[in-house]
Amino acid sequence: MFHKDLVIVKACDFRIYSLDMNLEAFVLGSGGMMPLPHRHLTSVLLRREGELFLFDGGEGTQVSIRRLNLRWKKITAIFVSHMHADHVTGLPGILMLSSQVDRDEPLTIVGPRGIADYIESSRRSLDMYINYEIVVREVQAPCVVWEGEGFKVRAFPLKHTKTCYGYAMEEEPRPGAFHPEVALDLGVPRGPLWSELQAGKEVSLPDGRVIAGAQVMGPPRSGRKFSYVTDSLYFPEIAAEVAGSDLLVCEGMFEGALESSAVEKKHMTAPQAARIARDAGGVRKLALIHYSPRYADRDLKILLEEARAIFPDTVLSRDRLALPIEYVD
Ligand SMILES: [Zn+2]
Ligand SMILES: [Zn+2]
């Protein structure tokens, strides 16, 4: 499953297999507090190769999944920021939708205290048909909440009116790029030996020389990072948690003029989200999310302009916006 994106070397039929994985975030809902006709409540789906991970599940989440027309595959895990209705009322629908696909593995749901009772009481009182195992893990951030092949997901504490977590998905570094011309110069013929070198192994040549993978590979290359931050007061320590994010999805609920109201409600303004992105270092793109319903779609440009004045690489989340996350090198 690691082998993807075949690259054909010159005119011969030997192929270099890259370890690159597709990674893409889909905004399923971009609103906070209450839905609008064209704005479901906050939810982001992360697709990494064949696996789907859901961050929050506000009202309308399953509608957006269906409208996106993704080739539907099971959701591996759901990460819940906090137990407010605008972040979890879509989950019962997702649990029912998940009964439509065959699965052997359990669905894992991670969140703060209260998530287990919510899931169990919804399932019981609504007589939900669930034909798979659900594993609910109430965690206390900061902690690693998921370890996959080549990546992990970490929860970190935010400051809201109740316990609330941000999440960061971080990939391990990838092996360096393979240099076929160096391999040829060293006398390693095209063929299976190249695959062994790419896997970091040593190969022996007929003349007795031993060539190591490191001789034909560049330095290790960074993996990617995706961070998800909502709902919270602004506090500068968030920046360290999201440093180096290729994509930071962050609450930008209000314009800067409403900062005191945001502080009172323990939410963030768009300029504050942009300050986090700027101060973190290494953030490549900020996508604002969790807009106050006071802003109609045409008004969101106020939030965008204010954020871009501080962090130019800012975009507005919109329902069903796809945000590919590419490798830097
Ligand atoms: Zn909210
Ligand atoms: Zn909230």
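This is a predicted model: local features need pLDDT of at least 70, side-chain atom pairs count only at pLDDT 80 or more; totals for chains, interfaces and linings use all residues.
A residue is called buried when its relative accessible area is under 20%, exposed when it is over 50%, and partly exposed in between. By that rule His-84, at 23% relative accessibility, counts as partly exposed, whereas His-82, at 0%, counts as buried.

- For comparison, the ideal angle for four tetrahedral donors at a metal is 109.5 degrees.

**Ser-81 and strand β6**

- Ser-81 sits in the loop between β6 (75-79) and α2 (85-88), and with a relative accessible area of 0% this serine is buried.
- Leaving aside residues up to four places away in sequence, Ser-81 touches a set of residues that includes Asp-56, His-87, Pro-112, Thr-163, Cys-164 and Tyr-165, and Tyr-167, Tyr-228 and Thr-230 are also among its contacts.
- The strand β6 is mostly covered, with five of its five residues buried.
- On one pairing, β6 runs parallel to strand β5 (residues 51-55) over four bridges, and within this pair Phe-53 stands opposite Ala-77 of β6.
- On another pairing, three bridges join β6 to strand β7 (residues 107-111), again in the parallel sense, and here Ala-77 stands opposite Thr-108 of β7.

**The seven-stranded open sheet**

- Seven strands form an open sheet of mixed pairing, in the order β9-β10-β11-β14-β15-β16-β17.
- Its edge strands are β9 (143-148) and β17 (314-316), each of which pairs on one side only, and the twist from one strand to the next averages 20°.
- The strands β9 and β10 (residues 151-157) pair in the antiparallel sense over five bridges, and the bridge partner of Gly-148 in β10 is Phe-151.
- Helix α9 (residues 270-280) packs on this sheet, where it touches β15 (247-251) and β16 (286-289), and its direction makes about 150° with that of β16.
- Helix α10 (residues 300-310) packs on the sheet as well, touching β16 and β17, and its direction makes about 170° with that of β17.

**The cysteines**

- A disulfide is a covalent bond between the sulfur atoms of two cysteines.
- How many disulfides does the model contain? The count comes to zero, under a rule that asks for a pair of cysteine sulfur atoms within 2.5 Å.
- For Cys-164 the closest cysteine sulfur is that of Cys-250, and because the two are 11 Å apart they are too far for a bond; seen from Cys-250, the closest cysteine sulfur is in turn that of Cys-164.
- Cys-164 is buried, with a relative accessible area of 2%, and Cys-250 is likewise buried, with a value of 0%.

Technical notes: Residues are numbered from 1 along each chain as its sequence is written. Chains are lettered from A and ligands numbered from 1 in the order in which they are written. Side-chain values use heavy atoms; hydrogens and water are left out. Two strands pair if DSSP finds at least two bridges between them. Helices (H or I, at least four residues) and strands (E, at least two) are DSSP runs, numbered from the N terminus. Axes are lines fitted to C-alpha atoms, for helices over the stretch in contact, and angles run from 0 to 180 degrees between N-to-C directions. Contact means heavy atoms within 4.5 Å. Buried means under 20% relative accessible area, exposed over 50%, partly exposed in between (1.4 Å probe, protein chains only).
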